Amino acid sequence: MSMTNANFPMDAEGRTYHVGIKHGELANRVLTVGDPARAIILSLLLDGVDRENTPPKTVPANLFSYSSHRGFLTITGAYKGVPVSIVAIGMGVSMMDFFVRECRAVVDGPMVIIRFGSCGSLSDATVGDICVPFGSYLVQRNYDYFSGDIATAAATSKPYHMSKVFEADPEITQTLMKNMSGLLGKEHVWSGINATADSFYSSQGRQDNNFVDVNQELFTDLVEYEPNTTTLEMETFILYHLAKSSTTASMAAWATPQEDGVVSTHKYDKHSIRAGACMMVFAQRKTNAFIAKGEVARVEPLAGKAVFDSLVEIAL
Ligand code: R1P
């Protein structure tokens, strides 16, 4: 595959370097997940799918699909007659960054992106429940802290950094809350704030004696920092952050310095991407309960339907 333009590499067909998609292959409304198996299960909810005769773990024959060499899976079809895509991105903040930027590059006009993932719960939400975070912050290991003598580091800094909270689109959040409650029952749907961590282990407070992590107090620190912290996972912050950083065509010019050399970032009050997220609780971090396979199989299609209902309900 030969690429042109080192600034934003694309191949001769116009496919992006990592997600591997080109204009015309992705809808303006996108549901993103981590696990490709979840993407395939959710694709069975799309229009015109022959559920009886689609072999397990296979994208239904009537849908467009593309598996990239870097592990992204894109599926495009329609839901209730409205074009939608599902993109499985794998895990972590870098994969979310590849996904949002490369999808934005090949779609014209406004986009709505909803992440449907799994998470750990720091609240009373228990395994199988759904959380719909109206904001998210980033929890990052403070790498410098671990560079030398820990006692010296502790005198001047903390082992983990917390970013500011970035908000989801309020209409998407409300719509998700409503549709999730309708399908799963109000008592199983939680609001709150998500913490996106840069590790599944250290910055999510998991104890591992093979490494110096200084994370025994992390849960207390997170809840002190943001009392509404309900979930921990690894992608949502970047989605909310990039949606807030997204520009419309008429605003893009403002991203370059004006005559006075100033970048007018304060003018970015309208964005080309609106984003929301919801997540199934797989791990209850206070009780150490972990979800059973059968429970995932029950919740996933129901919550997935609520996400599709929300995606098509939101006006572009
Ligand atoms: C960790 O096991 C993965 O699961 C969660 C985390 O954010 C991380 O990506 O989300 P997904 O189920 O969407 O992958």
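Colleague: Where does the ligand sit?
Modeller: The ligand sits in the largest pocket, and please keep in mind that this is a predicted model.

Colleague: Which residues surround the ligand there?
Modeller: Around the ligand are Gly34, Arg38, Met91, Arg115, Gly117, Ser118, Phe200, Glu233, Met234 and Glu235. Sorted by class, this shell holds four charged, three polar and three nonpolar residues.

Colleague: And which element gives the largest share of the shell?
Modeller: That is strand β7, covering residues 111–121, which contributes three residues to the shell around the ligand.

Colleague: What lies 2.5 Å from an oxygen atom of the ligand?
Modeller: A polar side-chain atom of glutamate 235 is found at that distance from a ligand oxygen. On the backbone side, a polar atom of methionine 234 is 2.9 Å from an oxygen atom of the ligand, and a polar backbone atom of glycine 34 is 3.3 Å from a ligand oxygen.

Colleague: How much of the ligand's exposed area does the protein bury?
Modeller: The ligand taken alone exposes 340 Å², and the protein buries 84% of that.

Colleague: Changing topic, how many aromatic pairs did you count?
Modeller: The count comes to eight aromatic pairs. One of them joins phenylalanine 72 and phenylalanine 98 in an edge-to-face arrangement, with 6.4 Å from centre to centre and 85° between the planes.

Colleague: Where in the chain are phenylalanine 72 and phenylalanine 98?
Modeller: Phenylalanine 72 is in the loop between β4 (64–67) and β5 (73–79), while phenylalanine 98 belongs to helix α2 (residues 93–105), so the pair, 26 residues apart, links distant parts of the chain.

Technical notes: Residues are numbered from 1 along each chain as its sequence is written. This is a predicted model: local features need pLDDT of at least 70, side-chain atom pairs count only at pLDDT 80 or more; totals for chains, interfaces and linings use all residues. Side-chain values use heavy atoms; hydrogens and water are left out. A residue is near a molecule or strand if one of its heavy atoms lies within 4 Å of it. A polar contact is a pair of N or O atoms within 3.5 Å; within protein, one must be able to donate a hydrogen and the other to accept it, and residues adjacent in sequence count only if both atoms are side-chain atoms. Accessible areas come from the Shrake-Rupley method with a 1.4 Å probe; for residues, only the protein chains shown count as cover. On a 1 Å grid over the protein atoms alone, a cavity is a set of points where a 1.4 Å probe fits but cannot get out, and a pocket is an open set with protein on both sides within 12 Å along at least five of seven lines; lining residues have an atom within 4 Å of a point. A molecule sits in a cavity or pocket if more than half of its atoms lie within 2 Å of its grid points. Helices (H or I, at least four residues) and strands (E, at least two) are DSSP runs, numbered from the N terminus. Ala, Val, Leu, Ile, Met, Phe, Trp, Tyr, Cys and Pro count as nonpolar, Asp, Glu, Lys and Arg as charged, and the others, Gly among them, as polar. Rings of Phe, Tyr and Trp (its six-membered ring) pair if their centres lie within 6.5 Å; planes under 30 degrees apart count as stacked, over 60 as edge-to-face and the rest as tilted.
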